[in-house]
Amino acid sequence: MFLIVGLGNPGSKYEETRHNIGFKAVDEIVRRFSFSPWVEKFSGVISKGAIDGEKIILLKPQTFMNLSGQSVQLAAHFFKIDPKNIIVIHDELDLPPLKTRIKLGGGNGGHNGLKSIQQCMGTADFIRVRLGVGHPGDKNKVSSYVLSDFSKSEAVDFDILCRHLADKMPMVLAGEEKRVVSDLALVFAPQK
C-alpha cells in the first residue's frame, strides 16, 4: 500500500497558490483513477483507490503546511505504511517552473511541510515529487511568493503538468522516476 500526500494549505484563500500545487496534483489523481470521494480523517482529507493494482491512500493534510507531518504520521501509522511507500508531492522553489524531480530521502531545503513530515515521522526516507515553481530571487519575498496565486497562463501550464503527472503515477509507483521526469520534461519542451 502507498500513501500519496499532496502538500498545501486548506481553504479557498490558498486554492490557486504555488504552495498548493501538491493539492492540485492529488486532485488530478482522484479524477484520473476514479478514487473515492474525499472524507475527513487524520487531520486531513483522504481518498482511497488503486493504481495498476496497488492500493493507494491519497491525503491532503488540513493542518496548514507547517504542521503537515502530524496528518501524515496519523495516516501512515493507522495504515501501517512504511516511509519508503510514502510519496509527498510539493512545490519546489529551487527548480524552474514546471520542472519535476523525484527522489527518495534528502534534506528539506527549507520547505516547512517537508520539515514537519521529517520531524513527525522521524525519518527523511520517503519519496518526494518536487514540482518546480521557481524562485522570486529575494529570500525575503519567498513567503509572499509561494502564497501568491499563479498567473492565468501559469495556472494553465501547471494544470497540464498535474494531469500528466497523474497519468505517470503508475511509473512513479514502479520506481521509474528517471523516465517520469524525462517524459514530463518533454511536455513543456520548445517545439522545433
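**Notes on the predicted model**

1. Let's start with helix α2, which has 12 residues and reaches 17 Å from its first C-alpha to its last, close to the 16 Å expected at 1.5 Å a residue. That expected span is 1.5 Å times one less than the number of residues in the helix. The labels come from DSSP runs numbered from the N terminus: helices are H or I with at least four residues, strands are E with at least two.

2. Before going on, a word about what you're looking at: this is a predicted model, where local features need pLDDT of at least 70 and side-chain atom pairs count only at pLDDT 80 or more, while totals for chains, interfaces and linings use all residues. Residues are numbered from 1 along each chain as its sequence is written, and side-chain values use heavy atoms, with hydrogens and water left out.

3. Which residues of α2 are buried? They are S68, G69, S71, V72, A75, A76 and F79. They sit on the same side of α2, because they cover an arc of only 160° around the axis. (The arc is that of the directions from the helix axis to the C-beta atoms.) "Buried" here means under 20% relative accessible area, "exposed" means over 50%, and "partly exposed" is in between, using a 1.4 Å probe and protein chains only. The cover over the buried residues of α2 includes β1, β3, β4, β5 and α3.

4. Have a look at S116, whose place is in helix α3 (residues 112–121). S116 counts as buried, at 5% relative accessibility. Leaving aside neighbours within four places in sequence, S116 is in contact with N66, L67, S68, G69 and Q70. Contact means heavy atoms within 4.5 Å.

5. Just after α2, K80 takes a positive phi of about 55°, and K80 is a residue other than glycine. Where is K80 found? In the loop between α2 and β5. K80 is exposed, with a relative accessible area of 75%.

6. F64 also deserves a click: its phi is positive, about 75°, although F64 is not a glycine. F64 lies in the loop between β4 and α2 (68–79). Is F64 buried, partly exposed or exposed? F64 is partly exposed, with a relative accessible area of 41%.

7. On to strand β4 (residues 54–61), which is mostly covered, with 6 of its 8 residues buried. Strand β1 (residues 2–6) runs parallel to β4 and is joined to it by 4 bridges; L3 stands opposite I57 in β4. Strand β3 (residues 44–51) runs antiparallel to β4, and 8 bridges join them. There, G49 has I56 of β4 as its bridge partner. Two strands pair if DSSP finds at least two bridges between them. β3 and β4 form a hairpin with 2 residues between them, and D52 in the turn has a positive phi of about 50°.

8. Next, pick out I89 in strand β5. At 0% relative accessibility, I89 counts as buried. Not counting residues up to four places away in sequence, I89 touches I4, V5, G6, L7, G22, A25, V26, I29, V129, L131 and L165. How far apart are the C-alpha atoms of I89 and I127? They are separated by 8.6 Å, with the two residues 38 residues apart along the chain.

9. Helix α5 (residues 152–167) has 16 residues and reaches 23 Å from its first C-alpha to its last, close to the 22 Å expected at 1.5 Å a residue. Buried in α5 are A155, F158, L161, C162, L165 and A166. These residues cover an arc of only 135° around the axis, which puts them on the same side of α5. The face turned away from that buried side carries the exposed residues K152 and S153. The buried residues of α5 pack against α1 (21–33), β5 (86–92), β6 (100–104), β7 (127–132), α6 (169–173) and α7 (177–187).

10. Last, the largest pocket, which has a volume of about 350 Å³. It is lined by 20 residues, of which H19, G110, N112, V142 and V146 lie nearest its centre. The elements that give two or more residues to this lining are β5 and α4 (142–146), and α4 gives the most, with 3 residues. On a 1 Å grid over the protein atoms alone, a pocket is an open set of points where a 1.4 Å probe fits, with protein on both sides within 12 Å along at least five of seven lines; lining residues have an atom within 4 Å of a point. Grid points are joined across faces, edges and corners, and the volume is the space filled by probe spheres set on the points.
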